[in-house]
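My entries follow the structure.

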Amino acid sequence: MAATPQNPAAATPRRKVSRHRGEGQWAAGHHTPLNGNEQFKKDDDGLNVRTRIETIYSKRGFDSIDPNDLRGRMRWWGLYTQRRPGIDGGKTAVLEPEELDDEYFMLRVRIDGGRLTTRQLRVIGEISQEFARGTADITDRQNVQYHWIRIEDVPEIWNRLEAVGLSTTEACGDTPRVVIGSPVAGIAEDEIIDGSSAIDEIHRRYIGSKEFSNLPRKFKTAISGSPLLDVAHEINDVAFVGVHHPEHGPGFDLWVGGGLSTNPKIGVRLGAWVPLEEVPDVWAGVIGIFRDYGYRRLRTRARLKFLVADWGAEKFRQVLEDEYLGRKLVDGPAPGQPVQQWRDHIGVHRQKDGRFYIGFAPRVGRVDGATLTKIADLAEAHGSGRVRTTVEQKMIVLDVEEDKVESLVEGLEALDLTARPSSFRRGTMACTGIEFCKLAIVETKQRGSQLIDELERRLPDFDEPLTINLNGCPNACARIQVADIGLKGQLVVNDKGEQVEGYQVHLGGALGLEAGFGRKVRGLKVTSEELPDYVERVLKRFQAEREDGERFATWAARASEEALS
């Protein structure tokens with residue numbers, strides 16, 4: 001007969017009591033780092049790594065770099081290690097970081113609002129040629145990215161950039177990234193309001209400040225007063241969109257919580273109207289909420305979009321007003337629908353001062369340093385001292401007199417930079433891809449350029465607005481979910497049973513006009529080799545089945561799976 005314990009409670013296993021960690025929100029008192037990223041940020045602010053780069057790493061070389069600096073804090077100054085050549089996509093998620101790392105870096109030049117002088121552009125081009133093996137890609141956030149950068153050269157590159165008013169400060173990392181803006185701010189005839197001064201003030205007050213240098217993850221900002229809605233405001237953490245208030249005049253409609261990656265969300269309106277002079281303070285309030293209430297426990301939920309989804313717009317606005325601004329915001333109207341689908345400013349357009357701006361299309365954002373210096377020379381030869389980058393990996397030359405427009409267009413054409421591109425050249429974007437990115441699974445830049453050539457040859461008369469976005473992995477840097485044809489890189493099996501590079505297909509995504517995410521057809525994947533055939537087939541079906549004036553995205557939403565396969 002079993003013995004009966006004197007203390008019945010002793011027979012019950014004692015449950016371990018642990019303090020609830022929550023989501024790692026500082027505002028809830030959860031300051032203990034809950035993952036390695038939070039720990040290295042607590043150990044030392046990412047901004048402090050610059051001193052070590054200048055005084056130690058650039059002098060002693062790559063092998064001297066502390067791992068937490070190499071794969072963490074150096075991002076605060078725009079530096080990522082690039083992918084070691086020869087590692088195929090099947091090994092991306094298998095190898096350890098040190099096995100993927102090359103001893104060279106991607107370096108991102110921060111270009112707030114996409115605004116450059118020709119002098120600045122020339123310096124960017126010269127740095128590319130001298131230190132980056134000619135690389136200089138235009139990103140879909142208006143930046144320029146170099147590759148093949150040696151740590152020994154970084155201090156000199158910084159000196160040259162900063163001498164002309166540019167920097168790499170907080171171009172990457174858990175920081176306020178580049179503030180994107182309308183590339184025609186201050187010059188467009190139809191502009192509602194020019195947000196340039198707000199971009200400048202945010203940069204002056206907060207970029208490089210330790211007030212916001214330790215965020216849960218990256219924070220993306222968009223500010224535009226263009227009625228074309230030309231900065232993809234729906235997928236930024238915070239966006240200020242130009243509107244006319246019936247009582248107060250021009251200002252900005254406030255959006256929060258947009259983002260893509262593997263859990264895409266369209267931003268939400270807070271229903272608040274913000275005057276131009278108050279944009280920096282409201283921006284600081286929104287990013288302050290992210291810093292204090294953002295989820296730091298899991299990196300997969302450490303973006304503002306998850307907090308906004310949990311709180312809702314009403315609570316978010318209340319916290320912003322009560323805890324961060326100390327006042328109520330003015331209610332305001334929503335922005336109107338853009339009057340056209342193309343919002344990239346490609347072509348020849350009259351400015352409000354009577355001069356002209358010319359938007360032109362490199363191939364999927366890929367240029368080189370020599371070309372950038374030639375663009376600067378060409379612009380100056382035609383009386384311009386200003387150029388701008390766009391959120392579609394394109395560029396614009398400003399301030400051209402009417403009698404010099406055609407000559408400039410011809411000069412750009414000679415550089416294979418057309419101001420009169422086909423729909424395919426105009427609408428195709430691609431991320432960095434496996435050539436340099438450690439997260440990528442497939443190649444993208446060359447594939448995108450080849451696709452343009454094939455489609456121009458096969459469908460020479462196709463002239464409908466169309467976006468084709470190629471991404472090398474699921475992280476959606478090239479905005480695949482909001483493209484007409486979004487292509488997410490992955491390994492697929494071809495008809496011979498071989499594992500090869502290919503894409504999962506998203507169809508019918510859009511921003512601006514009926515913003516929403518693309519449709520995935522069950523099991524629809526194509527190999528890279530089959531891609532031109534697939535796109536040609538789908539576009540021909542669209543042309544055959546579309547109703548009068550129907551956009552591709554609208555057709556794709558209603559088309560049969562057979563038509564889309």
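I looked up the largest cavity and noted a volume of about 370 Å³. The model is predicted, so to speak of local features I need pLDDT of at least 70, side-chain atom pairs count only at pLDDT 80 or more, and totals for chains, interfaces and linings use all residues. Residues are numbered from 1 along each chain as its sequence is written, and side-chain values use heavy atoms, with hydrogens and water left out.

On a 1 Å grid over the protein atoms alone, a cavity is a set of points where a 1.4 Å probe fits but cannot get out; a pocket is an open set with protein on both sides within 12 Å along at least five of seven lines; lining residues have an atom within 4 Å of a point. Of the 28 residues that line the largest cavity, I recorded Gln341, Arg343, Glu392, Thr467 and Val482 as the closest to its centre. By class, this lining has 12 nonpolar, seven polar and nine charged residues.

Last, I examined strands S12 (residues 347-350) and S13 (residues 356-360), which run antiparallel and are joined by four bridges. Strands pair if DSSP finds at least two bridges between them, and a strand is a DSSP run (E) of at least two residues, numbered from the N terminus. Gly347 has Gly359 of S13 as its bridge partner. The two strands form a hairpin with five residues between them, and Gly354 in the turn has a positive phi of about 95 degrees.

Notes: Points joined across faces, edges and corners; volume = space filled by probe spheres on them. Nonpolar A, V, L, I, M, F, W, Y, C, P; charged D, E, K, R; others polar.
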